[in-house]
Amino acid sequence: MKKILFYCQYLAGMGHLVRSTEIIRSLVPGFQVCLVIGGEPIDQFEIPDGVEVVYLPALWEEAGELIALNQSVESVKIARRQRLLGLFEQFQPDCVITECFPFSKYKMAFELLPLLERAKAAQVKVVCSLRDLIMTQSMSEKGLARKQTRILDQIRQFYDLVLCHCDRNLQSLDTCFPSAHALTCEVFYTGYVAQSLATSSVQQDLKSPRIVASVGGGRYGYSLLKAIGEVGPLLHQTIPHRIYAFAGPFMSESEFHSLKTLTSSQPNITLQRFTPNLMDYLYGADLSISLGGYNTTMNVLSTQVRSLILPSPSPDQADEQWLRASRLAQLGAVDVLSPDQLSPSALAHSILQHLHTAKPSHAINLKGSENTAKRLRQLCNQTVALAR
């Protein structure tokens, strides 16, 4: 069985880890997989059975700078680099997958470039797992040119394949990376990666509308969930319903405590920090209200639940989430919330209006996980054929 070393680093939210593990779920039947996690561990997060998991000393990002827990960033960098190279020698993969790098996460070059050099020397296949959008709007013309040159050079040096996890009919790489035509390896469009639908273990209240409010990792979700808490009393007077709200593992304790105080006396709202079963809540829900991260949006599309999406207020995520949500809104697959719609009266109006609309339908390709596994099997078979 061929071996895949899958490197995943999340610096702010948890979306990169969610997408990576969903891809790995499809890889496990045909590959031996080692998942390398470089972000903060998440309690209750479920890794697919049969996967070897290695946690590097955690790094994350605040105000554009890398942060480590109780250690200097430089000492953590040294330890991580040594651990990653040692793991490569120990695991001896047939394929290395870097999640998003070199298109983003260049702060991790201190450990990834040595890993890629080692993979190249060992003639190991190297693949980039890339989400749908690369945000470059805020960059200067010179900065964008330098970034594109660097990416093209590193793809040329190290990479055999770029897996672009989107529907090409909706989004193509060249719309956000103008030099895509100059890439020296194949760009394969897998379709979007959506989490698997499971048999719902969530108790269904068929008499009352069920509303699910979620904010991904939670670092930038307080304003949306605060608005949900404030609209709760108004909705309680208007319609029977249940709201299930999830704050995310990375929301600050002070913000989470504030939300608990706001919602504790509201019987129509259940607030939790995190659930590994968000898809179960969305399945059969009447409305989803959320930020617009990749995975949450794909969950909405997969369950075909009515949705209101507020693009993240984070400066690093707002352009990406707004672009994705607005394109899907043009197809009628989602609806977009703006910050000026978060007052109790405006939000209540939007919720009541959407609870009475028809459920959306679409033909967007959500088979990204399965198609990724299929293409990687082909890549490894090509390796075998060449070796013979």
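**A parallel sheet and its cysteines**

Good morning. The structure contains an open sheet of seven strands, which follow the order 3-2-1-6-7-8-9 with parallel pairing. Please keep in mind that this is a predicted model. At the edges of the sheet lie strand 3, residues 52-55, and strand 9, residues 186-189, each of which pairs on one side only. On average, neighbouring strands of this sheet are turned by 20° against each other, with direction ignored.

Strands of a sheet pair through backbone hydrogen bonds, and the pairing is either parallel or antiparallel.

Let us take one pair as an example. Strand 1, residues 3-8, and strand 2, residues 32-37, run parallel and are joined by six bridges. Within this pair, tyrosine 7 of the model stands opposite valine 36 in strand 2.

I turn now to the cysteines. How many disulfides does a search of the whole structure find? The search finds zero. Cysteine 8, for instance, is in no disulfide, and the nearest cysteine sulfur, which belongs to cysteine 100, is 8.4 Å away. Cysteine 8 has a relative accessible area of 0% and is therefore buried. Cysteine 380 is likewise in no disulfide; its nearest cysteine sulfur is that of cysteine 95, 5.4 Å away. With 4% relative accessibility, cysteine 380 also counts as buried, because the term applies under 20%.

Thank you for your attention.

Notes
Residues numbered from 1 in each chain as written. Predicted model: local features only at pLDDT ≥ 70, side-chain atom pairs only at ≥ 80, totals over all residues. Heavy atoms only, no water. Disulfide = S-S within 2.5 Å. Buried < 20%, exposed > 50% of the residue type's maximum accessible area, 1.4 Å probe, protein only. Pairing = 2+ DSSP bridges. Helix = DSSP H or I, 4+ residues; strand = E, 2+ residues; numbered from the N terminus. Axes fitted to C-alpha atoms, helices over the stretch in contact; angles between N-to-C directions.
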